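Here are some notes for a colleague opening this entry for the first time. Please keep the model in view while reading them.

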Amino acid sequence: MFSKKSIILAPMAGISDRSFRRLCRSFGADFAVSEMVSAKGLVYGDRKSRILLAPDVSDKPHWVQLFGSEPEIIREAAQIALEAGADLIDINMGCPVRKVVKTGAGAALLRQPEAAVGIMRALDRAPAIPYTIKVRTGWDHDTFVLDDFITMATEFNARALTCHPRTAKIMFSGKADWEQLFAAAEKTSLPIIGSGDINDTATAKNHLSRPALSGIMLGRGTYGRPWFFREIKELLLNNQTWRPDSDLRRETIIKHGEFLKEEYGEKHSLLIYRKHLAWYIKGIPGAAALRKQIFTMTDSSAIEDMINELFR
Ligand SMILES: Cc1cc2nc3c(=O)[nH]c(=O)nc-3n(C[C@H](O)[C@H](O)[C@H](O)COP(=O)(O)O)c2cc1C
């Protein structure tokens with residue numbers, strides 16, 4: 001799966017839903033990881049967690065991220081996800097958000113390597129479940145654990161490891177330390193994927209050129225820019241600077257609204273769509289006033305008229 005360098009949509013809660021994954025795949029994302037889904041939620045039959053598993057035909061292989069702390073619950077949840085159409089399971093071992101960490105999941109696992117090993121061992125048990133893990137470099141500056149997690153993931157047959165090279169403690173502040181990530185990747189044959197601060201095509205090309213890396217994930221750089229994948233591929237394959245024209249922007253934004261409507265229904269989709277629209281209009285003259293207006297709009301046909309007007 002990771003034999004050629006991949007450009008991947010990062011798992012982002014509230015963003016990497018089925019609609020956005022579908023849109024990014026249409027612009028050349030090689031894979032797209034789902035938003036994190038609660039392992040416990042799946043096992044205890046929570047409807048909302050279950051809905052997050054829904055696959056899309058264009059999004060194959062379907063890579064579903066789970067968060068949790070208990071090995072057997074995670075194994076059972078992974079089996080539920082596979083039955084629902086997932087092909088690969090990613091385990092979140094990097095989320096620094098309090099709500100997640102206090103349950104022993106996400107980045108809490110960086111402080112409890114024995115718990116992380118328990119999860120990997122459970123997934124590797126026959127019949128083995130195809131899985132990857134996603135980590136940060138450590139809990140804080142004094143606890144660099146990336147090398148150890150690579151060793152454990154290799155021993156328990158993870159298919160790949162993604163690292164967002166910041167500590168959990170700094171959340172999103174400062175800069176991602178890619179040199180730390182490259183140094184760790186150079187010492188292993190496990191496919192290593194990097195994630196963090198890739199917001200322009202030159203940075204993407206630069207990171208991808210590092211032989212030790214199997215791929216990159218794009219996160220916040222895709223906000224209002226699902227075509228970022230194509231921008232990078234045009235640069236890599238054709239050495240071309242490519243930007244979508246107004247027609248393509250308009251069509252994409254409208255399509256995004258349609259996908260969301262399909263996924264969430266008319267009313268709920270609007271709440272999500274407005275958030276994306278605020279990103280899509282970034283850089284347009286008068287964007288600040290437009291953004292305010294968008295957040296008061298409740299009629300999808302009025303929104304469509306506005307998009308048609310803005311992207312003529
Ligand atoms: C809104 C938001 C939600 C996120 N949700 C998740 C998540 O569910 N699982 C995960 O592993 N990482 C999550 N992340 C981290 C991203 O996957 C990514 O590693 C990080 O944002 C760094 O990449 P970037 O600088 O390209 O955004 C999230 C990040 C953001 C901004």
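Predicted model: local features only at pLDDT ≥ 70, side-chain atom pairs only at ≥ 80, totals over all residues.

1. The domain assignment places domain 1 at 6-238 and domain 2 at 246-310. Their centres, taken over C-alpha atoms, are separated by 28 Å.

2. Next, the overall build. The chain has 15 helices and eight strands. Its C-alpha atoms fill a box of roughly 55 × 45 × 35 Å along the principal axes. The radius of gyration is 20 Å, which agrees with the value near 20 Å for a compact globule of 312 residues. Buried residues account for 45% of the chain. Take the contacts between residues at least 6 apart in sequence: 66% of them join residues at least 24 apart.

3. The largest nonpolar core has 89 residues. Within this core, I8, L66, A81, A153 and L161 touch the most other members. Helix α4 (residues 71-83) supplies the largest share, six residues. As a rule, nonpolar side chains in soluble globular proteins tend to be buried together.

4. A81 deserves a look of its own. Leaving out residues up to four places away in sequence, A81 touches L42, L53, V64, L66, A86 and I89.

5. Turn to M93, in strand β4 (residues 88-93). Is M93 buried or exposed? M93 counts as buried because 29 other C-beta atoms lie within 10 Å, and the cut-off is 20 or more. Beyond its neighbours up to four places away in sequence, M93 touches G106, L109, L110, A116, I133, K134 and V135. M93 and L66 are 27 residues apart in sequence, yet 9.5 Å apart in space, C-alpha to C-alpha.

6. R136 belongs to strand β5 (residues 131-138). R136 is a buried residue, with 27 other C-beta atoms within 10 Å. Its contacts, setting aside neighbours within four places in sequence, are G94, A107, L110, C163, H164, R166, T167 and A168. T162 is 26 residues from R136 in sequence and 8.4 Å from it in space, C-alpha to C-alpha.

7. Check the ligand site. There are 22 residues around the ligand, and A10, M12, M36, G219 and R220 come nearest. By class, this shell has nine nonpolar, nine polar and four charged residues.

8. K60 and P61 are joined by a cis peptide bond, with omega about -10°. P61 sits in the loop between α3 (47-51) and β3 (63-67). Another cis peptide bond joins A126 and P127, with omega also about -10°. P127 is in the loop between α7 (113-124) and β5.

9. D197 is not a glycine, but its phi is positive, about 65°. D197 lies in the loop between β7 (192-195) and α10 (201-208). With 20 C-beta neighbours inside 10 Å, D197 counts as buried. N239 also has a positive phi, near 50°, and is a residue other than glycine. The loop between α11 (228-238) and α12 (246-264) holds N239. N239 is exposed, with 8 other C-beta atoms within 10 Å.

Terms used. Residues numbered from 1 in each chain as written. Near = placed C-beta within 6 Å. Nonpolar A, V, L, I, M, F, W, Y, C, P; charged D, E, K, R; others polar. Core = buried A, V, L, I, M, F, W, Y, C linked by C-beta atoms within 7 Å. Buried ≥ 20, exposed ≤ 12 C-beta atoms within 10 Å, placed from the backbone. Helix = DSSP H or I, 4+ residues; strand = E, 2+ residues; numbered from the N terminus. Contact = placed C-beta atoms within 7 Å. Domains from an automatic or database assignment. Rg over C-alpha atoms; globule rule 2.2 N^0.38 Å.
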